[in-house]
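The following note sets out numbered points for a colleague who is examining this model. Each point may be checked against the structure shown here.

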2 protein chains.
Amino acid sequence: MQEIELLKEYKLKVTPQRIAIVELLKEHGHLSIAKMYELMKRRFPTVSLATIYKNIHAMMQSNFINEVKIVGQDSRYELTQPSHSHVVCKECGEIVDVDVSGSSLLKEVSQKTQFKLESSSFVFYGICRECLD
Amino acid sequence: MQEIELLKEYKLKVTPQRIAIVELLKEHGHLSIAKMYELMKRRFPTVSLATIYKNIHAMMQSNFINEVKIVGQDSRYELTQPSHSHVVCKECGEIVDVDVSGSSLLKEVSQKTQFKLESSSFVFYGICRECLD
DNA sequence: CTAAATGCAAAGCATTTGCAAATAT
DNA sequence: ATATTTGCAAATGCTTTGCATTTAG
């Protein structure tokens, strides 16, 4: 199973709960804690919220997943992916990934601020195609 | 006093505590709840955290201030300004404003995603000049 | 004079912690 | 065999709420 290999690469012990988390993230893309808990309970009715939190924590430590902070909503978590941005629908809450060429911005910002930049987060807010109708 | 006019423009009742919040935000740029509370107590030793929260809330409602969400740190609040981005130092936590031309990105994203975009948030993470030495 | 803001204490929630039992390597 | 993870319950901590009093318009 691909999930198992993935976890091992990041030196995370492979447990059924962790495999499920990876599967859910692959399937849904971005999940809040509450949503992940809800989905997890369908597979492991006795799963504990504490387990979700502990795993999110461990997975963030190892950079296996990362947090997307969104204004007006709970944070979402996603499998770590090559640099990409997020587009949020203010109506239905849906989050979409989008690849944008932010490298010129990076350069511009580091020149203007003299910072040594390591990462960046672009979030776009609006209304999605479906909600526009 | 300029602070009073500002508050009135946004239809916020002018109280000494609110004037102080505006002054602090003008002086410091971006403040967390905790930091704002700490600074406020120097002027109003009896100020309540609840008052801070209530005012932050009211000021966000009227779009007088807005929230900047940052990975790994408490949210900061700033006076609403024309579109600009934030650069965060992972070492000392300092936040710097920077003007970047994101309009071409906006266009690119709305074309790719078919969203009707309303706003965007760019946050850059790195190490500031001082912390690099 | 009326409606809103303040400060305090209590209530609410999300997140974390401690610990015994179960599980992974 | 050992260290880690799990699930539960308790504890923590941030944020909100209710209410009497004060203040702004």
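**Notes on the model**

1. Gln114(B) is partly exposed, with a relative accessible area of 47%; here buried means under 20% relative accessible area, exposed over 50%, and partly exposed in between (1.4 Å probe, protein chains only). Gln114(B) is not a glycine, yet its phi is positive, at about 70°. Gln114(B) sits in the loop between α5 (103–113) and β5 (116–127) of chain B. Helices (H or I, at least four residues) and strands (E, at least two) are DSSP runs, numbered from the N terminus.

2. On conventions: this is a predicted model, in which local features need pLDDT of at least 70 and side-chain atom pairs count only at pLDDT 80 or more, whereas totals for chains, interfaces and linings use all residues. Residues are numbered from 1 along each chain as its sequence is written, chains are lettered from A and ligands numbered from 1 in the order in which they are written, and side-chain values use heavy atoms, with hydrogens and water left out.

3. A positive phi also occurs at Lys11(B), a residue other than glycine, with a value near 60°. Lys11(B) lies in the loop between α1 (2–9) and α2 (16–28) of chain B. Lys11(B) is exposed, with a relative accessible area of 76%.

4. Chain A contains 6 helices and 5 strands. From the N terminus on, their order is α-α-α-α-β-β-β-β-α-β-α. The C-alpha trace of chain A spans about 50 × 40 × 25 Å along its principal axes. Of the 133 residues in chain A, 42% are buried. Among contacts (heavy atoms within 4.5 Å) in chain A between residues at least 6 apart in sequence, 41% join residues at least 24 apart.

5. Strands β3 (residues 85–89) and β4 (residues 95–98) of chain A run antiparallel and are joined by 4 bridges; two strands count as paired if DSSP finds at least two bridges between them. Ser85(A) has Val98(A) in β4(A) as its bridge partner. β3(A) and β4(A) form a hairpin with 5 residues between them, and Gly93(A) in the turn has a positive phi of about 85°.

6. How is chain A laid on chain B? A turn of 180° with a shift of 0.0 Å along the axis does so with an RMSD of 0.1 Å, the superposition being by least squares on the C-alpha atoms of residues with pLDDT of at least 70 in both copies. The two copies are therefore related as by a two-fold rotation axis. In chain A, the C-alpha nearest the axis belongs to Phe122(A), 2.3 Å from it. The same surface serves both copies, since 100% of the contact residues of chain A recur in chain B.

7. DNA strand C has 18 residues around it, of which Tyr53(A), Thr15(B), Arg18(B), Thr51(B) and Lys54(B) come nearest; a residue is near a molecule or strand if one of its heavy atoms lies within 4 Å of it. Sugar and phosphate account for 75% of the atoms of DNA strand C that come within 4 Å of the protein. At least two residues of the surface near DNA strand C are supplied by each of α4 (49–61) of chain A and α2 and α4 (49–61) of chain B. This surface divides into 6 nonpolar, 7 polar and 5 charged residues. In this division Ala, Val, Leu, Ile, Met, Phe, Trp, Tyr, Cys and Pro count as nonpolar, Asp, Glu, Lys and Arg as charged, and the others, Gly among them, as polar.

8. An N or O atom in the side chain of Thr15(B) is 2.7 Å from a phosphate oxygen of DNA strand C.

9. DNA strand D is surrounded by 18 residues, the closest being Thr15(A), Gln17(A), Thr51(A), Lys54(A) and Tyr53(B). Of the atoms of DNA strand D within 4 Å of the protein, 76% belong to sugar or phosphate and the rest to bases. Lys54(A) places a polar side-chain atom 2.5 Å from a base oxygen of DNA strand D. Two or more residues of the surface near DNA strand D come from α2 (16–28) and α4 of chain A together with α4 of chain B.

Notes: A polar contact is a pair of N or O atoms within 3.5 Å; within protein, one must be able to donate a hydrogen and the other to accept it, and residues adjacent in sequence count only if both atoms are side-chain atoms.
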